Amino acid sequence: MGHRGLRILALLASFTLVAGTGLVDPAAAQDKPRHGGELVFVVPSEPPSYDAHQEETFGLIHPMAPHYNTLVRVDPFDKTGTKPVPDLAESWNISKDGLIYTFKLHRGVKFHDGSEMTSKDVKASYDKIIFPPAGVKSLRKDAYRVVEVVEAPDPYTVRFRLKWPESSLLLNLASPWNWIYKADLLAKDMHWYEKNVMGTGPFTFVEHVKGSHWVGKKNPNYWDKGKPYLDGYRAIFISASSAQVAAIRGERAHIQFRSFSPAERDSLVQALGPKITVQESPWDCLNFVSMHHEKKPFNDKRVRRALSLALDRYEGSKNLSKITLVRDVGGIQVPGTPWATPPAELEKLAGYGRDINANRAEARKLLKEAGAEGLSFTFKNRGIPHPYEPVGIWLIDQWRQIGVTVKQEFIEASAYHPMLKRGDFEVAMDFQCGFIVEPDLDLPRFLSTSDANYGKHKDTVIDDLFQKQARAMEPEERRKYLRAFEKRLLDEEAHVIYTLQWHRIIPHSSKVKGWTITPSHYLNNQLDTVWLSE
Amino acid sequence: MWKYLLKRFALMFPTLLGVAVVTFILIRVIPGDVVELRLAGDRGSVSDEMLNAERIKFGLDQPVWRQFVTWIAGAARLDFGTSMWTGSPIWDEIRLRFALSFQVALMSTIVAVLLAIPLGVIAALRQDTWVDYTVRIFSIAGLATPSFWLGIVFILALLILFKWLPPMVYTPIWVNPWQNLAQLIWPALAVGYRYSAVATRMTRSAMLEVLREDYIRTARAKGLVEKLILSRHALKNAMLPVLTVIAIEFAFLIGGLVVTEQVFNLNGVGLLFVQAVAHRDYTLIQALVMLVAGIFILMNFLMDIMYAWLDPRIRYR
């Protein structure tokens with residue numbers, strides 16, 4: 001092996017160690033922030049409109065989040081992306097009965113037009129999100145069903161009154177989508193923010209050239225004194241992954257905040273050596289298999305369990321992580337986050353045990369009992385290379401090993417979601433991506449009443465367990481309900497089959513400091529803590 | 001001649017109408033829905049109520065014929081509506097991309113013409129000599145090499161040899177000519193080479209054919225200077241098929257450089273086309289198809305004028 005090979009191995013080993021152990025505190029490990037410079041980053045998508053309250057794509061969050069603040073945010077240095085810290089709120093308290101959340105706001109916060117931000121603006125923004133008037137779209141209003149009213153008793157206090165206690169509310173208020181807008185502008189036109197930018201964030205808007213780039217410059221009057229460190233930033237929209245890699249490799253861009261594939265990471269490490277730093281994290285995105293419960297034989301839980309038991313997730317993790325964006329074996333919460341299932345407990349679930357031969361023997365037995373020996377079906381998969389296609393091929397190979405014959409049909413990306421909604425499948429690849437790892441946000445789609453319950457399972461036990469965990473105020477009690485929910489969903493009833501957790505890989509210029517990877521590509525894009533070392 | 005041109009001009013409109021009808025129907029036949037795509041995003045869970053509200057907003061709840069009547073009424077006033085994906089006026093979406101694509105097409109055409117006409121003429125004049133063989137190898141290689149592949153080779157060569165990459169963002173030529181050319185010269189060379197290959201071969205065969213014509217023999221018999229025979233009699237007549245090829249290729253380049261645009265990250269019409277189809281952005285797809293069809297039809301019309309200028313038989317018909 002030559003010097004270059006050794007260097008690559010050493011680099012790979014070093015970032016794997018950092019990413020794997022999580023021992024390095026990014027804030028502590030980095031030097032004193034340096035002011036100046038323009039951060040250039042690549043965005044593989046583009047904002048459809050400018051209003052985060054009505055959009056779902058990171059193509060909006062990445063270039064635009066630096067113009068705004070939220071009431072609460074996720075700690076930009078927390079690798080689990082689950083710790084709420086103040087943003088526009090200076091502090092908060094929660095009433096003993098858990099029904100009133102009171103936030104005290106920072107004073108002297110200015111919008112980019114120089115006007116002061118007060119509780120009136122926070123109330124107007126949350127009223128738009130939670131209680132949108134007719135004709136105004138708000139994609140996440142259902143996540144705030146618990147909120148009865150938002151009040152602004154004085155200019156620097158905001159109060160949320162709840163219908164029932166909900167332990168996840170604080171994290172939900174840290175949603176990266178909940179930008180605080182100016183009340184006066186909303187009062188004049190509720191659609192104003194769809195085409196305009198006016199926030200309190202660390203960077204002001206300069207220009208957006210459609211299909212090309214987005215530019216922001218430092219807000220000299222930013223309320224968090226001393227920040228931001230950068231003079232500005234430039235987001236370049238590049239859809240082709242080869243061109244994204246070329247931009248980083250040619251040092252035309254510092255970073256891309258979504259993810260690269262393992263092969264792209266390796267090529268960048270090989271080409272740039274110490275000029276590149278790699279951060280990795282389990283990703284709050286997942287492919288799972290939905291089976292249509294109204295179609296035989298998938299109405300039989302023995303068949304569903306057999307299909308889960310056939311999967312050698314641990315071996316699959318080793319092999320698939322080399323070629324696509326998946327890695328960890330996980331349960332209903334991202335591994336390494338507060339509500340994740342400990343590995344020892346996970347191994348007790350059907351299909352998660354280490355003895356794959358025993359699992360597959362049980363799978364064959366279950367198929368025989370269900371009269372589904374020699375089962376064959378069509379598996380509908382989304383026509384997207386990563387990670388859908390390799391994961392789909394892996395699934396088919398695993399099922400083949402218990403005597404199941406599967407034909408794979410790729411559905412073009414734009415026809416895929418309608419296909420799921422119509423229920424036009426026996427077995428299909430499904431997916432979800434969250435912005436914060438939190439059971440209340442990740443699990444509602446598995447409720448019997450959910451619009452996204454494409455397999456159409458009816459399970460009142462699942463519904464009840466979800467309610468109980470959501471209202472449990474003690475962590476241990478909540479954990480107990482979550483484990484029961486997970487066992488019911490993935491093992492006893494096997495309503496769905498989880499594959500492997502997505503894995504986020506961010507190789508970036510070593511000049512970029514003050515940015516920490518989290519499990520969500522929607523988080524940590526405000527850029528107020530980011531700086532360039534040269 | 002005016003009658004001939006008027007007839008050609010009038011034919012443009014039914015052609016455009018036909019394109020409009022076929023496109024309008026076809027894009028609604030393909031599966032997928034802009035509303036679901038836009039709202040489902042990465043997370044994929046939206047209520048039917050919200051989906052229906054959006055469909056009503058875009059008029060997608062109306063029968064197709066009514067949607068077409070609304071669209072054609074707007075198109076008659078040159079109002080192609082707003083993008084269903086971004087909500088911006090269609091013209092805003094297309095304007096910048098068109099400027100870039102037009103410039104790349106123009107630069108590629110210049111590269112192609114500068115290579116093709118001299119090489120084609122020389123190859124024809126030196127038929128079956130080493131010069132002819134070299135030109136033929138050069139042009140066949142051009143035909144066999146996809147321009148996006150050549151683009152990738154250019155990028156890798158620039159990265160590896162010069163540790164330099166063309167700018168990633170388009171700068172209009174009147175803002176910064178150097179920056180503009182530094183970005184666009186590479187795709188123009190990559191595309192222009194393939195384009196020139198087609199035109200070289202056409203020039204060569206057309207020249208060979210013309211050089212065997214009776215009027216060339218007559219000109220030579222009259223004692224005309226060879227240079228004059230070639231420029232005034234041979235080349236002018238040989239240019240008819242060559243111009244057709246150049247015009248068709250030029251029109252194709254406006255919307256057809258999808259992969260090359262991706263390789264060089266060019267914010268052009270081709271890439272916009274792909275995005276519009278991927279998003280099922282009906283209004284944008286319709287406008288782009290009309291734009292490209294319009295350019296093809298316009299180029300065809302210009303060719304008709306050129307034919308009339310170059311060929312007196314058409315002029316005096």
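Two strands are taken to pair if DSSP finds at least two bridges between them. The views below show a predicted model.

**View 1. The open sheet of chain A built from β4, β5, β7 and β6.** In this predicted model, 4 strands of chain A form an open sheet in the order β4-β5-β7-β6, and their pairing is antiparallel. Strands of a sheet pair through backbone hydrogen bonds, either parallel or antiparallel.

**View 2. Pairing of β4(A) with β5(A).** Strand β5 (residues 100-105) of chain A is joined to β4(A) by 5 bridges, and the two strands run antiparallel. Within this pairing, A:Y101 of β5(A) is the residue that stands opposite A:I94. Helix α4 (residues 119-130) of chain A packs on the sheet, where it touches β5, β6 and β7 (157-162) of chain A. The direction of α4(A) makes about 165° with that of β6(A).

**View 3. The hairpin between β6(A) and β7(A).** These two strands are joined by a hairpin through 2 residues. β6(A) and β7(A) pair in the antiparallel sense, with 5 bridges between them. A:D154 has A:T157 in β7(A) as its bridge partner.

**View 4. The crossing of helices α5(B) and α6(B).** The axes of α5 (residues 90-125) and α6 (residues 130-144) of chain B come within 8 Å and cross at roughly 140°. Angles over 145 degrees would count as roughly antiparallel and those from 65 to 115 as roughly perpendicular; α5(B) and α6(B) are therefore oblique to each other. The crossing in which α5(B) passes α6(B) is left-handed. On the side of α5(B), the contact is made by B:L119, B:I122 and B:A123, and on the side of α6(B) by B:V131, B:D132, B:V135 and B:R136. By class, this contact of α5(B) with α6(B) comprises 5 nonpolar and 2 charged residues, with no polar residues.

**View 5. The interface of chain A with chain B.** Here 35 residues of chain A are in contact with 36 residues of chain B. On the side of chain A that touches chain B, α7 (241-249), α14 (413-422) and β15 (427-433) of chain A each supply at least two residues. The element that gives the most to this side is α14(A), with 5 residues. By class, the side of chain A that touches chain B has 16 nonpolar, 10 polar and 9 charged residues.

View 6. Since a residue with 20 or more other C-beta atoms within 10 Å of its own is classed as buried, A:L482, with 23, is buried. Not counting residues up to four places away in sequence, A:L482 touches A:I332, A:W339, A:P439 and A:Q469. The C-alpha atoms of A:L482 and A:T341 are separated by 9.0 Å, although the two residues are 141 residues apart along the chain.

**View 7. Helix α9(B) and the glycine that follows.** Helix α9 (residues 214-221) of chain B is hardly covered, and the count of buried residues among its 8 residues is 0. After α9(B) comes B:G223, whose phi is positive, near 85°.

Methods: Residues are numbered from 1 along each chain as its sequence is written. Chains are lettered from A and ligands numbered from 1 in the order in which they are written. This is a predicted model: local features need pLDDT of at least 70, side-chain atom pairs count only at pLDDT 80 or more; totals for chains, interfaces and linings use all residues. Two residues are in contact if their C-beta atoms, placed from the backbone, lie within 7 Å. Axes are lines fitted to C-alpha atoms, for helices over the stretch in contact, and angles run from 0 to 180 degrees between N-to-C directions. Angles under 35 degrees count as roughly parallel, over 145 as roughly antiparallel, 65 to 115 as roughly perpendicular and the rest as oblique. A crossing is left-handed if the near helix is turned anticlockwise from the far one by less than a right angle, and right-handed if clockwise. Ala, Val, Leu, Ile, Met, Phe, Trp, Tyr, Cys and Pro count as nonpolar, Asp, Glu, Lys and Arg as charged, and the others, Gly among them, as polar. A residue is buried if 20 or more other C-beta atoms lie within 10 Å of its own, exposed if 12 or fewer, and partly exposed in between; C-beta atoms are placed from the backbone.
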